[in-house]
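Hello,

Please find the structure we discussed below. My notes on it follow.

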Amino acid sequence: MSELAERLRRELDRYSYGGKLPSSRALVERFRVSPVTVSRALAQLAAEGLVVTRPGAGAFRAGPRAAPAPAGDTSWQEVALSADGAELVPRTVDASGVTVSLAAPPPGVLEFNGGYPHPCLQPERAMAAALARAGRRPGAWGRPPLEGLPELREWFARGIGGAVTAAEVLIAAGGQSALATALRALAPPGAPVLVESPTYPGMLALARAAGLRPVPVPVDPDGVRTDLLADAFRATGARVLVCQPLFQNPTGAVLAPGRRAEVLGIARAAGAFVVEDDFVRRLVHSDSGPLPRPLAADDPDGVVVHVGSLTKATSPSLRVSALAARGPVLERLRAIQVVDSFFVPRPLQEAALELVGSPAWPRHLRTLSAELKARRDTMTAELARRLPELVLPHVPSGGYHLWLRLPDGAARAVGAGPEAEAALTAAALRAGVAVAPGRPYFSAEPPAGHVRLSFAAVASTGEITEGVRRLRAACDEVFRPGRH
Ligand SMILES: Cc1ncc(COP(=O)(O)O)c(C=O)c1O
């Protein structure tokens, strides 16, 4: 609570309910503080429900608080939510794997576990301008076509390339929603689904929430292990593989050229779909060579259901993405989307279109690309210098994170992989840096302890250096207690 807010709060009794408080200017003069301090203090009291602010009119004392409603008895829900006896596989909804990268860290804690670029890497001005222009477009608040704005579908189709057309693209509300639709469209509850190991916990959470059984297929620095894929389809009877061919989360691996046709061929032979989660195509580092096309660009038979999203290169709130598919599955995807959520709000679609069509867009992507490379280089150099015992099997040329294996000795010091991870993440938080433990990225027993370090969510390379220093202190505390 700021000092000014505290003083104002003590004075509130002087005013009647609904009575007007002194103007901001009067408060500035009386307390000799800046206008920003005044507006922050008023906002704080407003957030507590003590003050109501009306733009242009001023601030007023809020009315008396209503007594809280008596707490009801919600225990009946425990029975209702568990009464799924008829289901083969219980559907569990566990948001923890997702909230890790969405929640803001406590004040003062450096965010090495964020899933989105720091606001200073977001095209904030271009997005604001795009939103303003979008709002002025005729019919901006009308209903959009259910599949999405045609020009936006066209833009996504062009970005995928190959023979993909706008008619094969549906606009969705971010990658997460597109993945949810794809999983539900392709596999019934109880069915197995092949997933990369390790993989994005948010996708595992979606699969489990849909009642699916994720079956892991290992990933190496060349992407998903195609030598194990055919057997995995055969052994499980799965009809779906979820795969991130480009800058895989968390390993950063890119599917090797020789494996691309294999993945499609093996899936086709198994009569299975490949969900291609192309989530960070635009987060390529400036020293990367030319990017491989999405698998969907080389897929005449409609094996691939492609997911591409704008969020990672813009803001988590620009929840606009594309689902692209060929054949009857497209209608199934469309039907699920419409039933679940009707359509993506038109103003957001219009704003996305304005943004990607503006001259600021290619400029932003170039800046982002250079900044991500600089941050990756800083983080890898600092880790090599201060934490050489953490193993970095692969330095990615795109995306926003590094995937590190804990040293073998760590397990001996504090127990098996998960315990070492848990001890390290807790110690890191105490030392002032939030890191993502590896366990949620594995759908079955992990082969070793890991951590994922994101370099995009912090404010600067200086924070990366400081974060690695704090992580060093945490490692010393956990793995070499004697030296502490
Ligand atoms: C691999 C992967 N896919 C999809 C998503 C979903 O992102 P969004 O819904 O913001 O597009 C994420 C977010 O972290 C991710 O890591």
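**Notes: a sheet and a ligand site**

In strand β15, His401 has Ser454 as its bridge partner. Helices (H or I, at least four residues) and strands (E, at least two) are DSSP runs, numbered from the N terminus.

This is a predicted model: local features need pLDDT of at least 70 and side-chain atom pairs count only at pLDDT 80 or more, while totals for chains, interfaces and linings use all residues. Residues are numbered from 1 along each chain as its sequence is written, and side-chain values use heavy atoms, leaving out hydrogens and water.

β12 and β15 (residues 450-454) run antiparallel and are joined by five bridges. They belong to an open sheet of three strands in the order β12-β15-β14, with antiparallel pairing; two strands pair if DSSP finds at least two bridges between them. β12 (401-405) and β14 (436-437) are at the edges with a single partner strand each, so one side of each has no neighbour in the sheet.

Now the ligand. The ligand is surrounded by 15 residues (near means a heavy atom within 4 Å), and Tyr116, Asp277, Ser309, Lys312 and Arg319 are the closest. Helix α8 (residues 174-186) gives the most to this shell, with four residues.

Polar contacts are pairs of N or O atoms within 3.5 Å; within protein, one must be able to donate a hydrogen and the other to accept it, and residues adjacent in sequence count only if both atoms are side-chain atoms. The side chain of Arg319 has an N or O atom 2.5 Å from an oxygen atom of the ligand. For Thr311, a polar side-chain atom is 2.7 Å from a ligand oxygen atom.

Regards
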